[in-house]
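Here's a quick briefing to read alongside the sequence and the model. Keep the viewer open and follow along.

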Amino acid sequence: MDIKFSPPDITELEINEVTEALKSGWITTGPRTKKLEERISSYIGTEKTVCLNSATAAMELTLRILGVGPGDEVITSAYTYTATASVITHVGATPVLVDTDGMTFEMDYDKMAEAITEKTKVIMPVDIGGRVCDYKRIEEIIQEKSYLFNPQSDIQGKFNRIIVLADSAHGFGAKMNGVRSGLHADFTTFSFHAVKNLTTAEGGAVTWKNIDGVDNEALYKEYMLASLHGQSKDALAKTKLGAWEYDIIYPAYKCNMTDICAAIGLKQLERYEALLARRKEIIQMYDEAFVPMGLKPLSHFDECSESSGHLYLLRIPGFDVEHRNDVIAKLAEAGIASNVHYKPLPMLTAYKNLGFDISRYPNAYAMYENEITLPLHTLLTNEEINYIIARLKEIVEGTKNCA
Ligand SMILES: Cc1ncc(COP(=O)(O)O)c(C=O)c1O
């Protein structure tokens with residue numbers, strides 16, 4: 001067996017649409033990117049979406065557009081991928097990392113509340129594995145602490161409270177209490193990286209809920225400027241006959257999505273409901289096998305959560321890092337790729353150098369030390385899933401008996 005962790009699910013539909021884009025004479029940001037933005041907005045139910053070259057760019061531009069910078073604090077989880085926190089440092093603000101709650105992969109919301117100061121401008125919850133966080137609780141805490149908020153930009157003044165920027169890199173299509181990711185936080189970012197549920201090879205998007213006193217079209221234009229050098233006309237507008245002249249409003253960034261990438265995304269979106277349904281089936285097969293053994297998967301589907309089923313995070317109670325790594329090595333010998341999500345940020349050099357210390361994040365460490373992420377993708381056959389289940393059972397039982 002050779003079971004990959006998360007290969008892209010690409011069909012003739014995507015290939016044909018990419019070919020059409022290539023033949024169309026327009027391959028960078030243009031009609032297909034705009035169409036993908038519109039389709040994503042109508043899928044979620046927001047008015048505007050901006051497609052960019054990554055979720056990282058979507059988060060960073062959002063922080064910049066919100067006017068977050070030096071002297072500000074942004075709160076996020078210690079249990080995430082570096083991108084969530086690195087963008088905070090890119091804009092010159094200070095990341096404040098909060099431990100998980102000991103039961104789930106989400107931030108401890110009481111500790112999150114304690115971390116809020118008069119410098120806090122944004123909170124970035126992470127919808128790990130595709131399960132939408134408890135945004136209701138986050139909202140309540142922000143309201144309770146609104147007296148501390150000190151707006152430093154026009155748009156911050158419109159909110160007059162801490163702004164919620166969701167890292168829903170994993171959560172495209174997920175629902176909590178029947179409400180789709182994109183309609184919970186003030187701003188929500190998604191990743192369309194090659195391993196994600198819906199891919200554009202590399203890519204990401206940001207969408208937002210309407211903000212009192214803010215014109216959506218004007219906000220959209222701010223993203224366009226920020227993502228394309230601060231240039232007053234995009235490349236397509238500049239190619240109109242005789243319309244060469246442009247201005248540079250400020251020296252901005254370069255992180256636009258190309259129409260070739262959007263072509264893949266358009267066809268993936270057409271197939272997306274079926275892809276989500278298959279992910280759910282696979283998760284149910286895994287859960288039925290592993291829960292009776294006492295293993296603890298991330299709860300994707302329950303009375304409130306309808307996850308996007310991005311990652312199958314599984315904890316093996318009683319195992320430490322050494323035993324967990326041994327399981328990963330044995331799965332590899334059996335031809336099964338697996339992974340760990342995540343090594344908490346305070347264990348990584350960059351964040352140690354910023355002064356973070358894992359001893360202050362005991363819950364995140366406890367989640368990490370016995371976590372293993374199994375293959376979960378729509379090219380898996382039932383035979384492969386049953387093979388993974390059988391091997392993991394053998395390996396876990398074998399390791400337990402030796403321990
Ligand atoms: C939780 C999380 N946030 C952000 C990102 C960054 O996404 P992108 O690669 O599209 O920038 C990732 C990528 O894997 C991620 O897992």
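β4 is mostly covered, with five of its five residues buried (buried is under 20% relative accessible area, exposed is over 50%, and partly exposed is in between, with a 1.4 Å probe and protein chains only). A heads-up before going further: this is a predicted model, where local features need pLDDT of at least 70 and side-chain atom pairs count only at pLDDT 80 or more, while totals for chains, interfaces and linings use all residues. Residues are numbered from 1 along each chain as its sequence is written, and side-chain values use heavy atoms, with hydrogens and water left out.

**Around β4**

- Strand β2 (residues 73–77) runs parallel to strand β4 (residues 120–124), and four bridges join them. Strands here are DSSP runs of E with at least two residues, helices are runs of H or I with at least four, and both are numbered from the N terminus.
- Two of the facing residues are I75, opposite I123 in β4, and T76, opposite M124 in β4.
- β4 also pairs with strand β5 (residues 163–167), in the parallel sense over two bridges. Two strands count as paired if DSSP finds at least two bridges between them.
- I123 stands opposite V164 in β5.

**The seven-stranded sheet**

- The open sheet of seven strands has the order β1-β9-β8-β5-β4-β2-β3, and its pairing is mixed.
- Its edge strands are β1 (49–52) and β3 (94–98), each of which pairs on one side only.
- From one strand to the next, the twist averages 20°. Axes are lines fitted to C-alpha atoms, for helices over the stretch in contact, and angles run from 0 to 180 degrees between N-to-C directions.
- Helix α2 (residues 31–44) lies across β1, β8 (187–191) and β9 (204–208), and runs at about 130° to β1. Contact means heavy atoms within 4.5 Å.

- β9 is largely enclosed by the rest of the structure, because five of its five residues are buried.
- In a regular strand the side chains alternate between the two faces of the sheet.
- In β9, G204, V206 and W208 point one way while A205 and T207 point the other way, and all are buried.
- β1 and β9 run antiparallel and are joined by four bridges; V50 stands opposite V206 in β9.
- β9 also pairs with β8 in the antiparallel sense, over five bridges. There, S191 has G204 of β9 as its bridge partner.

**The ligand site**

- Which residues are closest to the ligand? T56, D167, H170, S191 and K196 are the closest of the 16 residues that surround the ligand, where a residue counts as near if one of its heavy atoms lies within 4 Å.
- S191 has a polar side-chain atom 2.7 Å from an oxygen atom of the ligand.
- H170 has a side-chain N or O atom 2.8 Å from an oxygen atom of the ligand.
- A55 brings in its backbone, with an N or O atom 2.9 Å from an oxygen atom of the ligand.
- On its own the ligand has 390 Å² of accessible area, and the protein covers 90% of that. Accessible areas come from the Shrake-Rupley method with a 1.4 Å probe, and for residues only the protein chains shown count as cover.

- Is T80 buried or exposed? T80 counts as buried because its relative accessibility is 2%.
- T80 lies in the loop between β2 and α4 (82–90).
- The side chains of T80 and T84 are joined by a polar contact of 2.7 Å. A polar contact is a pair of N or O atoms within 3.5 Å; within protein, one must be able to donate a hydrogen and the other to accept it, and residues adjacent in sequence count only if both atoms are side-chain atoms.
- Leaving aside neighbours within four places in sequence, T80 is in contact with V126, D167, Y342, K343 and L345.
- G178, in the loop between β6 (175–176) and β7 (179–180), is exposed, with a relative accessible area of 57%.
- G178 and E303 are 125 residues apart in sequence and 9.9 Å apart in space, C-alpha to C-alpha.

**The three-stranded sheet**

- Another open sheet has three strands in the order β10-β12-β13, with antiparallel pairing.
- β10 (296–297) and β13 (371–374) stand at the edges with a single partner strand each, so one side of each has no neighbour in the sheet.
- Strand β12 (residues 312–315) and β13 run antiparallel and are joined by four bridges, with L313 opposite T373 in β13.
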